[in-house]
Amino acid sequence: MKKEKIILVGLIGTSNEKTAAEYSISELSELVKTTGGDVVSSFIIKKMSIDPAHIIGSGWLETIKKEAEDKSADAVVFDINNIKAVQYNNIEKYLDIKVLSRCDVILDIFALRASSAEAKIQVELAQLNNMLPRIRGKGMVLSRLGGGIGTRGPGETKLETDRRHIQRKIHKLNESLKAIEKTRSLKRKSRENAVKVAVAGYTNAGKSSLVSLLSKKNLFIENRLFATLDSFTREVYISDDRKVLLTDTVGFIRNLPATLVKAFRSTFEEILFSDMVIHLIDSSNPNYSECIKTVDDELAEIGYTGKVIKVFNKTDLADSELLHKISLEFPDAVFCSVKEKTGIDAVKTMISALF
Ligand SMILES: Nc1nc2c(ncn2[C@@H]2O[C@H](COP(=O)(O)OP(=O)(O)OP(=O)(O)O)[C@@H](O)[C@H]2O)c(=O)[nH]1
Ligand SMILES: [Mg+2]
């Protein structure tokens, strides 16, 4: 299939946010690549307030229109989560190409990745809830879009675009989810007496790698965003007589769409019922502070108030100055490299403290 050509548009309110906006755009570019898109150009636009009709001003719209024509772009992705129906409509009409939000892109990745029945239901639910406000009557808005990124449901399906069908489908999916949640809570009950540890963190931090190493089971690991969409629980002996249930979880990302967090509630609940969370951090990422904050905020958002230990992974990639800075900033932190299998005993010792 031909790769869709994508233009990215980031927005900054004040000049001192420039680096954050640049980082956010580079992350968005990774997200777009993960969906199979090809980023042909990107703009960072200074904007004190968002225009209710067109997000950005007409001068910038004209610039983007010209760029889209020059590059034969298929879509423009704005680095914001919530684009209003009227804004989608106006901008699409003006540019005559597809308009997507950061949220649309993340949901698209989740749809491509979902493999378990539960993940598929959760993703489709999030997608339909995300799309519903944009659709009037018989899928007017989406019919303009054609196919590709933002229109694909889980498992190669095409997303429903008829408003009445969507509402019916949402109802059905909610019912299925309830049944799955029931099974989950029964399973949880049977594990009530076990010591439970969840590995949580920013996407691509190495969570599945750590759980694989500790449990000696091979989980799906890949150097891309959102490799894991299901939480897997494994029995792990941290010493001869001490056993914990270790759970690998879905990664977090900045501005994780609220519709997704809501739909994945039952998956994130595995964190909620843990005795300890290992917050895994990629220490080779210079932007680690923001990643930590994102994860801390999301943990609070889902209501986790228990014990958290910070584990900085990928020390083999990190520069020593940065590691030194981190160790001063987080004196209690544990450092490891899952790849080189160093620091893993320290992680086990932290877990042992639970007994
Ligand atoms: N160099 C290095 N790479 C690592 C280390 N740990 C994990 N990786 C790599 O980092 C990438 C992401 O690893 P995963 O285990 O899939 O990360 P994850 O946190 O589960 O990611 P998501 O499921 O996408 O949220 C893979 O390419 C791993 O091989 C490490 O200690 N050092
Ligand atoms: Mg993973």
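Modeller: Both faces of strand 5 are covered, with Lys196, Ala198 and Ala200 buried on one side and Val197, Val199 and Gly201 buried on the other. A residue is called buried here if 20 or more other C-beta atoms lie within 10 Å of its own, exposed if 12 or fewer do, and partly exposed in between, the C-beta atoms being placed from the backbone. Strand 5 covers residues 196-201, and six of its six residues are buried. Helices (H or I, at least four residues) and strands (E, at least two) are DSSP runs, numbered from the N terminus.

This is a predicted model, in which local features need pLDDT of at least 70 and side-chain atom pairs count only at pLDDT 80 or more, while totals for chains, interfaces and linings use all residues. Residues are numbered from 1 along each chain as its sequence is written, and chains are lettered from A and ligands numbered from 1 in the order in which they are written.

Turning to the neighbours of strand 5, two strands pair if DSSP finds at least two bridges between them. Strand 7 (residues 242-248) runs parallel to strand 5 and is joined to it by four bridges, with aspartate 248 of strand 7 as the bridge partner of valine 199. Strand 8 (residues 276-282) also pairs with strand 5 in the parallel sense, over five bridges, and here alanine 200 has histidine 279 of strand 8 as its bridge partner.

As for the whole chain, it has 13 helices and 10 strands. Its radius of gyration, taken over C-alpha atoms, is 21 Å, close to the 20 Å that the globule rule (2.2 Å times the number of residues to the power 0.38) gives for 355 residues, so the chain is as compact as a globular protein of that length. Along its principal axes the C-alpha trace spans about 65 × 50 × 35 Å, and 40% of the 355 residues count as buried.

An automatic or database domain assignment supplies the domain bounds, dividing the chain into domain 1 (5-106), domain 2 (114-177) and domain 3 (191-352). The centres of domain 1 and domain 3, taken over C-alpha atoms, are 32 Å apart. Nine residues of domain 1 are in contact with eight residues of domain 3, where contact requires C-beta atoms, placed from the backbone, to lie within 7 Å. On the domain 1 side, helix 1 (18-34) and helix 4 (102-113) are the elements that give two or more residues, and helix 1 gives the most, with five residues.

Notes
Contact = placed C-beta atoms within 7 Å.
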